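Subject: The structure we talked about

Hi,

Here is the structure I promised to pass on. Have a look first, and then read my notes below.

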Amino acid sequence: MGKGTIMPHDALGSLFHPYAKIGKHCIILHGVTVGGRSEHKQLPIIGDYVVIGAHAIIIGPIMVGDHAVIGAGAVVIKDVPPYAVVAGNPAKIIKYIDKDV
């Protein structure tokens, strides 16, 4: 877990695989799951400055790009590009964050 990453509510009810990588300055809300899938040996890699909403699930050999936002309750099973906002089950890109702001 990277420097500056915070977990409001002490990540209550969250589950993290011990070898998953989480970047710097992320915000991870409660009830989040970050882990593997039985048919894959690789684990998620979460970039820097990522916000993960409550009860989101991020599983499998995926990469979440820097400055991405994972919506509450999203089930992420595919890569998320940088500056993307994803939501739903399975998670889909619903918006890109303006990099110039």
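What percentage of the 101 residues in the chain is made up of buried residues? The answer is 36%, where buried means under 20% relative accessible area, exposed over 50% and partly exposed in between, with a 1.4 Å probe and protein chains only.

Before the details, a word on the source: this is a predicted model, in which local features need pLDDT of at least 70 and side-chain atom pairs count only at pLDDT 80 or more, while totals for chains, interfaces and linings use all residues. Residues are numbered from 1 along each chain as its sequence is written, and side-chain values use heavy atoms, with hydrogens and water left out.

**Overall build**

The chain has 12 strands and zero helices; both are DSSP runs numbered from the N terminus, helices being H or I with at least four residues and strands E with at least two. The C-alpha atoms fill a box of roughly 40 × 25 × 20 Å along the principal axes.

**Threonine 5**

This one is worth a click. Threonine 5 sits in the segment before β1 (15-16), and it counts as buried because its relative accessibility is 16%. Histidine 25 is 20 residues away in sequence, yet the two C-alpha atoms are 4.2 Å apart. Leaving aside neighbours within four places in sequence, threonine 5 is in contact (heavy atoms within 4.5 Å) with Ile22, Gly23, Lys24, His25, Cys26 and Ile28.

Its side chain also makes polar contacts, meaning pairs of N or O atoms within 3.5 Å; within protein, one must be able to donate a hydrogen and the other to accept it, and residues adjacent in sequence count only if both atoms are side-chain atoms. Here they are:

- the backbone oxygen of glycine 23, at 2.7 Å
- the backbone oxygen of glycine 2, at 3.2 Å
- the backbone nitrogen of cysteine 26, at 3.3 Å

**The core**

The largest nonpolar core holds 20 residues; such a core is a set of buried Ala, Val, Leu, Ile, Met, Phe, Trp, Tyr and Cys residues joined through side-chain atoms within 4.5 Å. Val64 and Ile70 are among the members that touch the most others. Not counting residues up to four places away in sequence, valine 64 touches Ile45, Ile46, Gly47, Val50, Ile58, Ile70 and Val80.

**Strand pairing**

Strands pair if DSSP finds at least two bridges between them. β9 (residues 69-70) runs parallel to β11 (residues 84-87) over two bridges, with isoleucine 70 opposite valine 86. β11 then pairs with β12 (residues 92-96) in the antiparallel sense over four bridges, and alanine 87 stands opposite lysine 92 there. In that hairpin, four residues lie between the strands, and glycine 88 takes a positive phi near 100°.

Cheers
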